[in-house]
Amino acid sequence: VNNPEEMLQRNNDGSFYTHSPVDMWEAINQHISLATSTNSPILHVMIADKVVTSLIAVFENIITYVNTLDTSAKPELREIELEYISALANDTALHIEEVIELIDNFAIAEIRERIDEIFDPLTTILVKCGETCLKRLAGLVMSDVQALLDQVFMPEWMEGNQMHVATATISDYMGDFE
């Protein structure tokens, strides 16, 4: 949050990410492996409950951050806002994959149903986090073409190329998102 430009990474396929999910899940998986080695159902449930509680707080913070991010005072952040929010969205997808894998690794049959129930609120907030990032990205695209769209249906709009530029700009963004 303090230095997003330092956190931003780029995959070979052009997608953006940060190292946060990898670092977080490395620590979480270490705790889970300790619980698994004990074969204690109670310890499994306790660890799962703490993981969910902690991650819900993290994702609530991310949602608040994305919703309240003001780049007007930080030109360096404004320049990478699209990439940074894309990275946070991709990070959220990685977190979802990790949660699914984690749930699948709870093999003790007697707690399996309880584990699913424990992780339901986390899954819900992860989806909300992804939606928040995507809404912010859509807002960035629309704000970039807003001036062009404001000119549509004005007397001069038929003489200009506002729609052509707007659709070309949106197409460029969609290529970037893909």
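## Fold and overall form

Helices (H or I, at least four residues) and strands (E, at least two) are DSSP runs here, numbered from the N terminus. On that basis the protein has 6 helices and 2 strands, and reading along the sequence gives the pattern α-β-β-α-α-α-α-α. The radius of gyration is 21 Å, well over the 16 Å that the globule rule gives for 178 residues, so the protein is more spread out than a compact globule. For the record, that radius is taken over C-alpha atoms, and the globule rule is 2.2 Å times the number of residues to the power 0.38. Along the principal axes, the C-alpha atoms fill a box of roughly 75 × 30 × 30 Å.

A note on the ground rules: this is a predicted model, with local features needing pLDDT of at least 70 and side-chain atom pairs counted only at pLDDT 80 or more, while totals for chains, interfaces and linings use all residues. Residues are numbered from 1 along each chain as its sequence is written, and side-chain values use heavy atoms, with hydrogens and water left out.

## Surface, contacts and charge

Buried residues make up 36% of the 178 residues; buried means under 20% relative accessible area, exposed over 50%, and partly exposed in between (1.4 Å probe, protein chains only). The accessible surface comes to about 10,900 Å², and 55% of it belongs to carbon and sulfur atoms. Those areas come from the Shrake-Rupley method with a 1.4 Å probe, and for residues only the protein chains shown count as cover.

Contact means heavy atoms within 4.5 Å. Of the contacts with a separation of 6 or more, 66% are accounted for by residues 24 or more positions apart. As for charge, there are 9 positive and 30 negative side chains, and the centres of the two sets lie 7 Å apart. Lys and Arg count as positive and Asp and Glu as negative, with His and the chain ends not counted; each charge is placed at NZ of Lys, CZ of Arg, CG of Asp or CD of Glu.

Searching the whole structure turns up 1 aromatic pair. Its partners are Tyr-65 and Tyr-84, sitting edge-to-face at 6.1 Å centre to centre with 85° between the planes. Tyr-65 lies in helix H3 (residues 41-68) and Tyr-84 in helix H4 (residues 75-105), so the pair ties together parts that are 19 residues apart in sequence. The rule is that rings of Phe, Tyr and Trp (its six-membered ring) pair if their centres lie within 6.5 Å; planes under 30 degrees apart count as stacked, over 60 as edge-to-face and the rest as tilted.

Leaving out residues up to four places away in sequence, Asp-91 touches Tyr-17, Thr-18 and Pro-21. Asp-91 and Gly-130 are 39 residues apart in sequence, yet 8.9 Å apart in space, C-alpha to C-alpha.

Leu-140 sits in helix H5 (residues 109-151) and is buried too, at 18%. With the sequence neighbours up to four places away set aside, Leu-140 touches Glu-81 and Leu-82. Its C-alpha is separated by 28 Å from that of Glu-98, 42 residues apart along the chain.

## Around the H2–H3 loop

Asn-39 lies in the loop between helix H2 (20-38) and H3, and counts as exposed at 57% relative accessibility. Most residues other than glycine have a negative phi. Asn-39, though not a glycine, has a positive phi of about 55°.

Back in helix H2 is Leu-34, exposed with a relative accessible area of 57%. Leu-34 and Ile-47 are 13 residues apart in sequence and 9.7 Å apart in space, C-alpha to C-alpha.
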